[in-house]
Amino acid sequence: MENPFKKIPTILMPDELMEKALRRGEKVANEMRQKPLPSLIKSKMVEEHKVRTIGSVVADNLQKVIDKAPAVRKLPKFYQEMVEILVGIDEFKKSLGAFKWASDLVKKLTNEYAKKIRRSRTPQQAAKFRKEFVGRVKSILKQIHPEMAFIAVAREKLKDLPTFKDLPTIAIAGYPNVGKSTILKALTGADVEINNYPFTTKGINVGYMDNIQMLDTPGLLDRPLYERNDIELQAILALNYLADIILFVIDASEYCGYSLDEQISLLKEISELFKLPIILAINKIDLIDKERLNKIRDMLKNYEVIEISADKGINLDKLKEILKKRAIESYKSKLRC
Ligand code: GDP
């Protein structure tokens, strides 16, 4: 789905919002002053319009943030997990609650003060009520300043989360240089999109083959987990919600710079961490002899294995068929849960 946080508008801080509201109030007042009306009536109308304009600019601005922010608990699990890791779901909800409180209170005060101004006996009294109103709105905004700052930061963090489609999804794993991006390109064509992903500098590469989504996740599923801090681990685990199966790629030639033992140990870590079916691609078979291939087959006999060469196009059609079949099966069984 489209990133649900993109629609949250820019959050104005108390001073900026107040300045915007006062400027609009002044503009409306100036228009009012042109009208040919008796002086007391006119002063009261000027003040009332100021109050109503200031009140509605502030209250509407806050309300818009509430309306455009998604209900986190209704989002797909992947996005919920991201909110929890990046900002905290409870804090996010609590802060939006403060926006609601402030918006409602400003609306209520607007009506109260508009009435007081209408009942005023002198222009001075009307002006005094307007000043009092402005003071109260300022103090409400000051009170929710921490929550406004929190939502502003949350918005920055969440608005660049990747957009994924609700399709059967394959996550590709394996050490660097084993051939992951070559496989992604070979199976999905040239249009690989790059999406941001928290905690990686490289972003996630997304490609589509027919109606299947394929993700290459540089920096996430390509090195041992003991090197990761807690937050990185959570970001990796969030892939559980996104992916239906994992394609683990092994470089049979070891030209990638990692031994078979190292690669198998990463494979074991990933199979323990993810509750997903794993398909194993033994890549670069063009670079090894039969004897070595037999040895590798033997080491990996407990897995569903396909031997390929991404570079030379060996067995890629077979890999594609198996991936599609398994991804669709796993996607459907997740839907049933
Ligand atoms: P990634 O880091 O896992 O995405 O690896 P890449 O897809 O960038 O591949 C690393 C290198 O291995 C590149 O130079 C590829 O051309 C090469 N490569 C990938 N697959 C094969 C293969 O099947 N055979 C051979 N000979 N080279 C391959």
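Let's start with N177, which is partly exposed because 15 other C-beta atoms sit within 10 Å of its own. The cut-offs go like this: 20 or more other C-beta atoms within 10 Å makes a residue buried, 12 or fewer makes it exposed, and partly exposed is in between, with C-beta atoms placed from the backbone. You'll find N177 in the loop between strand 1 (169-173) and helix 7. Its phi is near 70 degrees, a positive value in a residue other than glycine.

Before I go on, a word on what we're looking at. This is a predicted model, where local features need pLDDT of at least 70, side-chain atom pairs count only at pLDDT 80 or more, and totals for chains, interfaces and linings use all residues. Numbering runs from 1 along each chain as its sequence is written.

K284 also has a positive phi, near 65 degrees, and is not a glycine. Its place is the loop between strand 6 (278-283) and helix 11 (290-299). Buried or exposed? K284 is buried, because 26 other C-beta atoms lie within 10 Å.

Okay, zooming out. The chain has 12 helices and 7 strands, which are DSSP runs numbered from the N terminus (H or I over at least four residues for helices, E over at least two for strands). Its radius of gyration is 29 Å, well over the 20 Å that the globule rule gives for 337 residues, so the chain is more spread out than a compact globule. That radius is taken over C-alpha atoms, and the rule is 2.2 Å times the number of residues to the power 0.38. Along its principal axes, the C-alpha trace spans about 105 × 35 × 35 Å. Of the 337 residues, 36% count as buried.

Now the domains. The assignment gives domain 1 (14-158) and domain 2 (169-336), with bounds from an automatic or database domain assignment. Their centres, taken over C-alpha atoms, are 51 Å apart. How many residues of each are in contact? It's 7 from domain 1 with 7 from domain 2, where contact means C-beta atoms, placed from the backbone, within 7 Å. On the domain 1 side, that's 5 nonpolar, no polar and 2 charged residues. For those classes, Ala, Val, Leu, Ile, Met, Phe, Trp, Tyr, Cys and Pro are nonpolar, Asp, Glu, Lys and Arg are charged, and the others, Gly among them, are polar.

On to the core. The largest nonpolar core has 84 residues, and those with the most contacts inside it include I170, I172 and F248. Such a core is a set of buried Ala, Val, Leu, Ile, Met, Phe, Trp, Tyr and Cys residues joined through C-beta atoms within 7 Å. Helix 4 (residues 89-118) gives the most to this core, with 8 residues. Both domain 1 and domain 2 give residues to the core, so it lies between them.

Take I170: leaving aside neighbours within four places in sequence, its contacts include I212, L323 and A327. A327 is in helix 12 (residues 316-336) and counts as buried because it has 25 C-beta neighbours inside 10 Å.

Last stop, the ligand. Which residues are closest to the ligand? They're G179, K180, S181, T182 and D311, out of 15 that surround it; the cut-off for being near is a C-beta atom, placed from the backbone, within 6 Å. Helix 7 (residues 180-188) gives the most to this shell, with 3 residues. By class, the shell has 4 nonpolar, 6 polar and 5 charged residues.

Notes
Contact = placed C-beta atoms within 7 Å.
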